Amino acid sequence: MKVVFLGATKGMGRALARLMAERGDRLFLLGRDAGELERSARDLEVLGAKGTVGFAECDLLRRETFAGALEDADAALDGFDTAVVTAGLFASQDELEGDADLRDRVLVADFVNTIHFCEEARQRLLARGGGTLCVFSSVAGERGRKPVVLYGAAKAGLSRYLEGLDHKYRAQGLKTIAVKPGFVKTGMTAGLPVPPFAGEPEPVAKTVLRAIDAGRPEVYAPGIWRWVMLAIRSLPRAVMRAIKF
Amino acid sequence: MPQTVLEQPATQSAAGSAHLTKVHGWGCYPSVEAYELLSEDLERITEGAMLTRGLGRSYGDASLPPPGGHVVAGSRLADRILSFDSATGVLRAEAGLSLVELNRLFRPKGWFTPVSPGTQYVTLGGMVAADVHGKNHHASGTFGRHVSRLRMRVADGRILEVSGEDEPELFRATLGGMGLTGHILEVELEMKAVPSQWIYGESEPVPNLDVLVEKLVEAGKSWPYTVGWADCLGRGATMGRGSVIKGRWAEASEAPARAPATKGKVDVPVLLPDWFLNRLNIRAFNELKYRAQWGVRKGFLHPQSFFYPLDAILNWNRFYGARGFTQYQCVLPPSGGASYRKLFEILLKNGGTPFLVVVKDFGAEGRGMLSFPRPGLTFAIDMPIVAGETQALVDTLNEFVAGEGGRVYLAKDAFTRPEHYRAMDPRVDAWNEVRRSWDPDARLRSSQSVRLFGDEP
């Protein structure tokens, strides 16, 4: 595969990019910090990524960086066939309720601008007959829940967009894959109390890579979260109001 | 991202947020309350942290900040490989890279860690901080012998390149310095080229301690990897019976053609009750283990089985239950054998039936100012913690070891008294002088440094 990857320096993105590198995929990294991108690029090269791993600066909060970064990726990879987005912002419900600027950044990054980025990638992929667009949403978007009202709203919108995209463009060769991670122990969730069914980034990355290879439109990771969320989606409102979860 | 309601006080700083949790080492004793920061960005979270810890595999209190809710940086998410030269084997990586990952990635390419401790669930930073040794100490020295450069954050906040040429004193104080001379951010080391992915090993039973020591030292003359283990059932003429195990990397021409398969692992999901490991079943296990081997055994072994037999059981420390356990590991200078026998006698008299004793002969002392290995024989014994008894047993053993000119391994220790440590290891003053020249106020400290080196809690 020829993969352009937004978010490969940290967490689940790092684990997924490493799996791709180990099997010899070509990679081009996008992210905010050139120093971090450079370090991850060298890591992925040692692990086995094919050729040089290039990178370009791209910031989910700055929409104007998207087109140029994807242009660089296309040039370096001679046309990418897969785009992966694991980047996103997270903050707790308390923080988001108390800080309008933070709220704006999280909603814009996780919903509005992720969609703008996907649109840019989608157009490039469709222009050459399709490919794969794999985007990390979250189980937080599956049901309105007290601890993730705002973050979950952004991810719910993103999930619906990805679902629609797959319905509309699969026939034209664009496979859209919505990843819905449950609680995964990464730097992003460090410091949060760890709930039951928490996962580690490496097994999650394996699950996601299998889904990419199989072209599955929706993947829960760890897999148990499919059943956890099925149960939560079926809970009556009265119960959702009563519980903390 | 589901998130339960936060019940504990949080620390919030530029470096990140964390919640007050119980932190402990592999022996589950002691534990302290601390804020453990975890991030891929080790540079950021070490700013202002009192200590850095890796995978928490040291047994006692070496990886714990002093009690009282201090901040400790966790390195294990900082795990990128920054460069590898396939001509020389020189590798540079972030300090949180685990040995399990390093081996998994490099063994198929014909490279292996130059020195390996008995578990691969350790980080590069931890291997430097404890200056770990393995079955090849008699031939290859400690891990620190193969480390060429470090990137460190020192106590005043600066980030430095440290090596035998740049800041050589700090470099030597950091190898084996238990993370107290600065936060280790990156490690550069020389990997070892190996001819195949298999180990050729031999083991033979030995009837007592004298023969064990003799065969072990003899084996070291021709084998790169050697170790002995003794059970604690033998008494008198059979005291210290066990086996001597020898190994080397198989040549490509003789090794099995297939690559060693990935080994399955069994997990111990919960703490087992305290009575689970008791004197009866430990005796039974040792008796069976001794009887199961007759004659010399030879063959090709999975490197994982040879180097890390216990890694096949994840979380095996939970066998010991909530009481926790400790490991007593000391080194005794070479002797005619009398001091080794005496150590066993003290153990058998005061320690009941330890599981088994691992025995290894050490080569020359390395560069690390406070590194544990020195010429002689090292003995390592796991023991469950028994209130009132364990401290007394460690005291007795330490008094004996100090009298023999030996010392104990800080990476295992939770019970040694400061006066005993000082008596066993007079090098501590010179080391502390270097440490204090970089950190006059001892901003970097651990539960262990408070206990042993007189740091303020």
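In what order do the 7 strands of the open sheet in chain A stand?

1. This is a predicted model. The strand order in chain A is β3-β2-β1-β4-β5-β6-β7. The sheet is open, and its pairing is parallel.

2. Look next at the edges. β3 (54-57) and β7 (218-221) of chain A each have a single partner strand, so one side of each is left without a neighbour in the sheet. On average, neighbouring strands are turned by 15 degrees against each other, direction ignored.

3. One strand pair can be followed in detail. β1 of chain A covers residues 2-6, and β2 of chain A covers residues 26-31. The two are joined in the parallel sense over 5 bridges. Within this pairing, F5(A) has L29(A) in β2(A) as its bridge partner.

4. A helix covers part of the sheet. α6 of chain A, residues 149-169, lies across β5 (131-136) and β6 (174-181) of chain A. Against β6(A), helix α6 runs at about 155 degrees.

5. Now the helix pair. Two packed helices are described by the angle between their axes and the distance between the axes. For α3 (residues 66-77) and α5 (residues 100-127) of chain A, the angle is about 40 degrees and the axes are 10 Å apart. The crossing of α3(A) past α5(A) is right-handed.

6. Which residues make this contact? From α3(A) come F66(A), A67(A), L70(A), E71(A) and D74(A). They meet N113(A), H116(A), F117(A), E120(A), A121(A) and R124(A) of α5(A). By class, the contact of α3(A) with α5(A) holds 5 nonpolar, 2 polar and 4 charged residues.

How values were computed:
Residues are numbered from 1 along each chain as its sequence is written. Chains are lettered from A and ligands numbered from 1 in the order in which they are written. This is a predicted model: local features need pLDDT of at least 70, side-chain atom pairs count only at pLDDT 80 or more; totals for chains, interfaces and linings use all residues. Side-chain values use heavy atoms; hydrogens and water are left out. Two strands pair if DSSP finds at least two bridges between them. Helices (H or I, at least four residues) and strands (E, at least two) are DSSP runs, numbered from the N terminus. Axes are lines fitted to C-alpha atoms, for helices over the stretch in contact, and angles run from 0 to 180 degrees between N-to-C directions. Contact means heavy atoms within 4.5 Å. A crossing is left-handed if the near helix is turned anticlockwise from the far one by less than a right angle, and right-handed if clockwise. Ala, Val, Leu, Ile, Met, Phe, Trp, Tyr, Cys and Pro count as nonpolar, Asp, Glu, Lys and Arg as charged, and the others, Gly among them, as polar.
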